[in-house]
Amino acid sequence: MKRMLSFIITVLVLTGVMVFTTPGLLDKVRLGLDLKGGFEILYHAEPMEAGAELSRASLQKTAESLEKRANALGTSEPEVTTEGTDRIRLKIAGVTDEAEVRKKMKEPAVLTFRSAAPGDPQGTFSKIELVGSDFVEGAAEVQRNNLNQPEISIKIKDKDKFAEITKRLLGKEMAIYLDDQLLGNPPVVRAVLTDGTASISGNYTIDGARELADTINLGALPLKLTEKYSQSVGATLGKQSLDQTIKAGLVGSVIILIFMIGMYRLPGLLASFALILHTWLLIAVFVVADFTLTLPGIAAFILGIGMAVDANIITNERIREEMRNGKSILSSVKAGNKTSFRTVMDANVTTIIVAAVMFAFGTGAVKGFALILIVEIVLSIVTNLYFAHWLLTVLVKAGALKKPKQFGVKESDIRAL
Amino acid sequence: MRFKKELDFVHLSRFFYIFSIAITVAGLIFLATMGLNYSVDFKAGSNVDVALSKNITLEQLKPALKDLGISHEPDITLGENRVNIRYDEVLDSNQDEALKAAVTKLDDKASFEINTVDTEMAKELARNAIYSVLISCLGIIIYVSIRFEWRFALAAIVALVHDAFIVVAIFSIFRLEVDLTFIVAVLTIIGYSINDTIVIFDRIRENLRFGKQKTYEDLKVLVNKSVAQTLMRSLYTAFTVFIAAFFLLVMGGESIKMFSLAMVIGLLFGAYSSIFIASPLWLLLKKRQKQPVKSNPAKA
């Protein structure tokens, strides 16, 4: 009776927990861009000048700047990650004006100081004196000048070079360009600047000056970005994929559960319970570990259920076999659990090997798929092996399962020992 | 439900060897002459998937796409409230926008999915996929050799490569599109195939412990018995996993259609090869070990 009680309590408590937490958990699952719409770009980063070294720090810095830019554009939760030694992956969900975001991202501002070359018409400057990589990275900042006007100060790496330029251009105009756009009125060089600091002044508001300083800081990074891969999914299309795939999964799962119960009766029902627990745990892992659910992820999810069913089928087939050989129910269950355990472990370990290789070599979708498969197999071992075995053993010991018929075994098939 | 009649799987497998070899040869011919129908994932270019609120005809779409300033003609596939437009060259963001604008003019509720891959990236993906398969095989050989013996490992690998290759061959023969998810599917099939094979091998290993098998006949009986004992499980599992993959194929999202199709084909062959290819192959290898001199010529 005690055993029966612990069985009932376990099942009731777990059912309760699952029923109450599932809606909340489902809401918290983070959806991938392919399921909620958005776009993803993989950039290849390289130094502005050929042959220059690409440092880890500059890559990190570029990623941060991209994220800042995405945030500045008011997009929701941009996700910027560095990959390998020279890649940056950018994911932005629910973007309406994708073109604008893309343009801002793709064209990092290049800051140049220019002077008028001989033959330039009035007001145009074509001789480039200083380029982005001459400035100290991230050093542009907003200050106030004597008249309390906001101005942007920039530090130059090579003081001597700057001194030489200012000496040469003394009394002449030196224009500041952001990309091909002239910033403010070209200031006239009034003194030879030897401390390596230049300032840009104009009629800026404090916010405008800050924004410009941020842009300059990004532009001052010595990395050039090229798009390697991009994926953009409309919100409607994403939702449609999600709905269709989940519906397909539900129908498939229900048929599997009906099959299990029809085929294995009470043990099949226990197996179904273990399968549902397995699915619930997987969703919980998704939420706790903050995994992103993508379309291939759902596929892994549903196929993993198919595989988890295999563990139950192997066990139950084995138990039935022992029973047909004339063993008692308890010893059949014990022997079946024991022998099937080894089989299932071997089968699962080999699948984990495949998944681990996929994880190691894959990118994006493949990695996600492999990770889910691994998590799922581990969970399956816990629920469909240990837990399902335990449930069955408890029921048998409690005397709730006494007849071979309850296992779907015909009396006539049982051989005498 | 049980098989009461003793089936001679080993004997039957001879016919299946021929069947498998025939498909393999056909696949090799197709692969060598036609290759695979790569999607943008492996060939640089842009792929545009559009979900529409109504059906658009080719006559409406073609002129609309004409003035985008894209030199090459795209491949257009129309579906139910859906259209797929495929360019061999990479669309830049202006062309992207122009295309969207053109289609939106025809249907203002259109929703887009645009995938663009650079050639270099595509090659890297393909290379990694091949590495993955090779390293998976190596890992499996090591594990199975430790847990069982090398003959099981070798037979399992042959079955696994067979399954993976047949899926690739079928995709080549029917000109089905090979994308990144296809690679995932092939790797998953390898996982399932090995899973399925291991269960039968496990039973053979277990049965080997009872009594001594002296002759080829003894071993043959043992393999037949082991396959028969695990047959129901093989069929049930193939059925349940097939159900999951099948519903993904018919009801799931458009972008995993090819994945599901590859899975369905692979699962069927995975179950088949475990029974008719892997187990008899092990017997063949084992036979050489047992009777190096007096092998029975009639059974060779």
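## Salt bridges between the chains

A salt bridge here is a side-chain nitrogen of Lys or Arg within 4 Å of a carboxyl oxygen of Asp or Glu. By that rule, B:Glu206 pairs with A:Arg318, and their closest N and O atoms are 2.4 Å apart. B:Glu206 sits in helix α6 (residues 180-208) of chain B and A:Arg318 in helix α8 (residues 295-324) of chain A, so this pair joins two chains. Helices (H or I, at least four residues) and strands (E, at least two) are DSSP runs, numbered from the N terminus. Both B:Glu206 and A:Arg318 are buried, where buried means under 20% relative accessible area, exposed over 50%, and partly exposed in between (1.4 Å probe, protein chains only).

A further salt bridge links B:Arg203 to A:Glu321, with 2.7 Å between the closest N and O atoms. B:Arg203 belongs to helix α6 of chain B and A:Glu321 to helix α8 of chain A, so this pair also joins two chains. B:Arg203 and A:Glu321 are buried. Over all chains, the whole structure holds 22 salt bridges. A network of them ties together A:Arg318, A:Arg342, A:Asp346, B:Arg147, B:Asp202, B:Arg205 and B:Glu206.

## About the model

This is a predicted model, in which local features need pLDDT of at least 70, side-chain atom pairs count only at pLDDT 80 or more, and totals for chains, interfaces and linings use all residues. Residues are numbered from 1 along each chain as its sequence is written, chains are lettered from A and ligands numbered from 1 in the order in which they are written, and side-chain values use heavy atoms, with hydrogens and water left out.

## Nonpolar cores

A nonpolar core is a set of buried Ala, Val, Leu, Ile, Met, Phe, Trp, Tyr and Cys residues joined through side-chain atoms within 4.5 Å. The largest one has 142 residues, and A:Phe407, B:Phe171, B:Phe201 and B:Trp282 touch the most other members. Helix α7 (residues 235-288) of chain A gives this core its largest share, 19 residues. Apart from it lies another core of 23 residues, including A:Leu111, A:Ile154, A:Ile176 and A:Tyr204.

Beyond its neighbours within four places in sequence, B:Trp282 is in contact (heavy atoms within 4.5 Å) with B:Glu149, B:Arg151, B:Phe152, B:Ala155, B:Phe201, B:Ile204, B:Leu208, B:Leu219 and B:Val223. Two of these partners, B:Arg151 and B:Glu149, meet each other in a salt bridge (2.9 Å, N to O), and both are buried.

## Annotated membrane spans

For chain A, an unreviewed UniProt entry lists residues 269-289, 295-314, 344-363 and 369-396 under "transmembrane region". UniProt positions follow the numbering used here, feature names are shortened, and annotations may be inferred rather than shown by experiment. In the model, residues 269-289 of chain A are 95% helix and 0% strand, with end C-alpha atoms 30 Å apart. Residues 369-396 of chain A are 100% helix and 0% strand, and their end C-alpha atoms lie 38 Å apart.

For chain B, the unreviewed UniProt entry gives residues 12-32, 129-146, 153-174, 180-201, 235-253 and 259-285 as "transmembrane region". Residues 12-32 of chain B are 100% helix and 0% strand, spanning 31 Å between end C-alpha atoms. That stretch includes B:Ser13, placed in helix α1 (residues 9-33) of chain B. B:Ser13 is buried at 2% relative accessibility, and B:Ser13 touches B:Phe276 and B:Pro280, leaving out residues up to four places away in sequence. UniProt (unreviewed entry) also annotates residues 101-287 of chain B as "domain: Protein export membrane protein SecD/SecF C-terminal"; in the model this span is 83% helix and 5% strand, with end C-alpha atoms 69 Å apart.

Most residues other than glycine have a negative phi. A:Arg265, in helix α7 of chain A, has a phi near 55°, a positive value. A:Arg265 is partly exposed, with a relative accessible area of 42%.

In chain B, phi of B:Arg175 is likewise positive, near 55°. B:Arg175 lies in the loop between α5 (150-173) and β6 (177-178) of chain B, and at 30% relative accessibility B:Arg175 counts as partly exposed.
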